[in-house]
Structures are given as C-alpha cells and as structure tokens.
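Take a moment with the sequence and the fold. The walk below goes from strand to core to surface.

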Amino acid sequence: MTSFAPSSGVTTADVTYNAKAGAWPHINKIAYEGEKSRDPLAFKHYNASEVVHGKTMAEWTRFSVCYWHTFRGVGADPFGGASITRPWDDLTASVENAKRRIDVAFEFFVKLGVAYYTFHDVDVSPEGKDLAESNAIFDEISDYLLVKQKETGVKLLWGTSNLFSSTRFMNGGATNPNAHSFAFAAAKVKKCMEITHKLGGVNYVFWGGREGYQTILNTDVKRELDHMAAFFKMAIEHKKNIGAGFQFLIEPKPREPTKHQYDYDAQTTMGFLQNYGLQNDFKLNIEPNHTTLAGHDYEHDMWVASQYGFLGSVDSNTGDPLVGWDTDQFPMDVKKATLTMLILLRQGGLDPGGLNFDCKVRRESTNLDDMFIAHIGAMDTFARGLKAAAAIIADKVMDGMVAERYSTFDSGIGAKVEEGKSSFAELEEFALKSGEPEKKSGQQELYEMTLNYYC
C-alpha cells in the first residue's frame, strides 16, 4: 500500500506549476475513441455509459485513483531514492503545498473521468508538531477536499490512517506492545474516521502493514491478536457514535514490512473475524499483488472472499513474479481482469466498494503523461475483462462444464451429503455396493482453452 526506500537526500524543489493553466494544459477529458484508436490518451474499450450485463461500465467498475502512489510517489524502491519530480510539489510539509497537490489531484480525477479517490491521512494532510496540531491541519485540509469534491462531483471511496511509516508505529499500531503507541494509533484512526465521514466516504480501510512480527522470540501473538480485536471493536463503537454509514474493510497481506502479518490472506482474515465475533462489521479489501505474495493465484483471495460474502472492494494492481516485493503495478493482463470481473458480476457488483488503482508508475516512467497512460491502459483492460466475463456468463458454457463436474452431488448419495443427511456408515455401505469409482478427467486444458476463447 505504500512505498519504501532509502532517502533521496532531496528536501525541497522549485515549483514550476501554473495553477491557471493546470498541470496538463494539453489534455482535455479523456475520451472514448473505440478499438481502432491508437491515441495513448484515449480509451479504446472503456466507455463509461455503455451497458454490459445490465449495468453501465462505470457502475460495474467504480474506478478510483489512490492518492499516495499517484500524488506522493517519487519513483523510489528498496535500492534507490526519488527518480520522479512533479512541477507542482516543492516537497515541503506545508499546508500550501498540500493544497496545491489537491488541486492537481482533482484536475487529474476529472480529466481521467473517475468518480472516486482514496487516501491515507498523511497523504493529504501534513503532520504538525503534535497530535492536536495534526488534527487541526487535517480539519483545514478536509475542508479544502470537501470544496473540491463539491466542485467536481468526485467522491471519496475510502479513507485510512497510516499506522506504519512513523517510528511511533515501528512495532505496530493496534498490536504495538506499548500501550502509549496503541493509544496514539487509536487517536489517529478516530480522527481519520471522522474526516472520512465528513467527506462522505463510503468505506474505511484497515491495512496492518506492521500488525505482525519480525521474530516470535519477543512476541506474544495471542495477546497482540486480542489487542487488535479490541481495537476493531472500539472502531465499531466509534462508527456508531459519529453516525457513520461507511463499510469497514480489512486489507490482507502476508508480509512486508513485517516478516509475518496477522491478516495473511483472505481465509486467515475471515477466520480472525469469525473468531472474535467481528464478521458482521467487516469485509475485505483484496489487493491481488498481496494475494500473489501469499503464494496464491492472482484471483484466489477475491474468489474466496466473494464465495463467503466478504469481498467488499479491490485494490486493483498486480506484481512482478520475478521481483520479491510488492511492486504495485498497473494491471494490464486481460485474462486476469476477466477473472476479476467474473467474480464481481457473479456477486452483483462491488458497491459500496470499487476498483481502486493502488498502483504506481514505474521508477523509469518519469513523464507527466505516464500518469494518465497507466490509468487509461488499466481501465481499458478491465473494460475488456468486463465484456469477456459477461459473455462467459451469457453463454453458460463454462458454468455448464463445472456443473457437470459436480453433478453426482445433485441427486442420490451426493445430495444427501450436501443436505447433511448421510453418515460414514451409509457412505461405507454405498462404497462397498458400488465398487471402484469411475475415473473422470479434470480437463484443465479444456477449461483453459475455453477461457482463451473469450479473452
């Protein structure tokens, strides 16, 4: 969810941004030009108003731009500092600079044609000398964000609090062994929830980047998990106190920056929620790059979460399988986008969640227009995936193949198993009477070939 890197050594920069002209005076609102277009600054497949499977593309996708990578990212990676400079950013922690970023961000949202954005508290609002001053600055910044939202119609998909970058949280936020740090984390979340509510945010995310451990030797795992559950229960109480209606989301990740993160993957997180009686108040924000870091296929956590009613939103990115960290790349694989949209269509959509581009342009992609090109390419990819997924559902070929594979559970002894009306004794009697089961091919290659037909 965030970048990490050695310091660049650069603390200030000259501002060459002309507020009147805007950051991209040569770009108007990105238009849909159709499949034959070769303009990198035009949509070839994403047509927001086009109806697919009963809803418009915009309604199915609910695209969102993340603030941290898009407007705070500098191209850093674990081996090098900043490679990207932006003409509007003087790199200071001033309120003036923060507001200038916001102006540019909303110019970008409007020209790209997205309806939503997301942020961490410190992405949009610089910290002051203490918590009280930080809260006051956040109030001022959120007033400005609200003005820009009203001017443009762009909405907040979700807010979250950064409980991982500051050294006060180096041992965690909700799982910190120091009660003072735990309290500070609670205070930050309390304020960010209030600001998210003020801005009309429809979700609130918890990402536990440091909610885990580096070594079991200095860790009381059970106690930390109990503390995390208590933290979430206090968040539920505060949500009620402020009258907020947003959906709580937890974003799983197996590791990085900790060696082991408690919300390792979708199934682990669902188990945690069930164990502590939190399952009715939280859903999951799945980031596929995290899913692959956990050793699963790209679509695995989305599929599992959806099957059990826990898929609330998606941080739509991908990772490089040859690189060992969370690379947060823009998704350009149509087949993976098809599987994603197939999950979304089958569950009826993501509302109030969305497809949030938790992505950053590559360290080497230093042109301003690269920010647009990356998002356009990803939005087109999901548009193609949406059409392919709709065709798969309409044709019913793959659904029929899967149904046939499990057809022995539709009647007879199989139906009794699913209804909970059989027993080991009855199944033994059936096996003795019926003899050796018929060997049936799983036909994986046929399924893969069939999927290729649509993609």
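How many of the six residues of strand 5 are buried? Five of them are, so strand 5 (residues 155-160) counts as mostly covered, with buried meaning under 20% relative accessible area. Bear in mind that this is a predicted model.

Now look at the partners of strand 5. Strand 4 (residues 116-120) pairs with strand 5 in the parallel sense, over five bridges. Strand 6 (residues 203-207) also pairs with strand 5 in the parallel sense, over two bridges. F119 has G159 of strand 5 as its bridge partner. G159 in turn has Y204 as its bridge partner in strand 6. Helix 6 (residues 179-198) belongs with these strands: strand 5, helix 6 and strand 6 make a right-handed β-α-β unit.

Stay with F119. Beyond its neighbours within four places in sequence, F119 is in contact with residues that include Y67, W68, F138, L156, W158 and G159. C192, I195 and L199 are also among its contacts.

Next, the core. In soluble globular proteins, nonpolar side chains tend to be buried together. Here the largest nonpolar core has 107 residues. F71, F109, F119 and F206 have the most contacts inside that core. Helix 12 (residues 369-395) gives the most to it, with 14 residues. A second, separate core has seven residues, including C66, Y116, L157 and W158.

Move on to helix 7 (residues 221-242). Helix 7 has 22 residues and spans 32 Å from its first C-alpha to its last, close to the 32 Å expected at 1.5 Å a residue. Which residues of helix 7 are buried? They are E224, L225, M228, A229, F231, F232, A235, I236, H238 and K239. These buried residues pack against helix 6 and strand 6, and also against strand 7 (212-213), strand 8 (247-251), helix 8 (266-275) and strand 10 (282-286). Just after helix 7, G243 takes a positive phi of about 70 degrees.

Finish at N18, in the segment before strand 1 (51-52).

Terms used
Residues numbered from 1 in each chain as written. Predicted model: local features only at pLDDT ≥ 70, side-chain atom pairs only at ≥ 80, totals over all residues. Heavy atoms only, no water. Core = buried A, V, L, I, M, F, W, Y, C linked by side-chain atoms within 4.5 Å. Buried < 20%, exposed > 50% of the residue type's maximum accessible area, 1.4 Å probe, protein only. Helix = DSSP H or I, 4+ residues; strand = E, 2+ residues; numbered from the N terminus. Contact = heavy atoms within 4.5 Å. Pairing = 2+ DSSP bridges. Right-handed = clockwise from strand over helix to strand, strands pointing away. Expected span 1.5 Å × (residues − 1).
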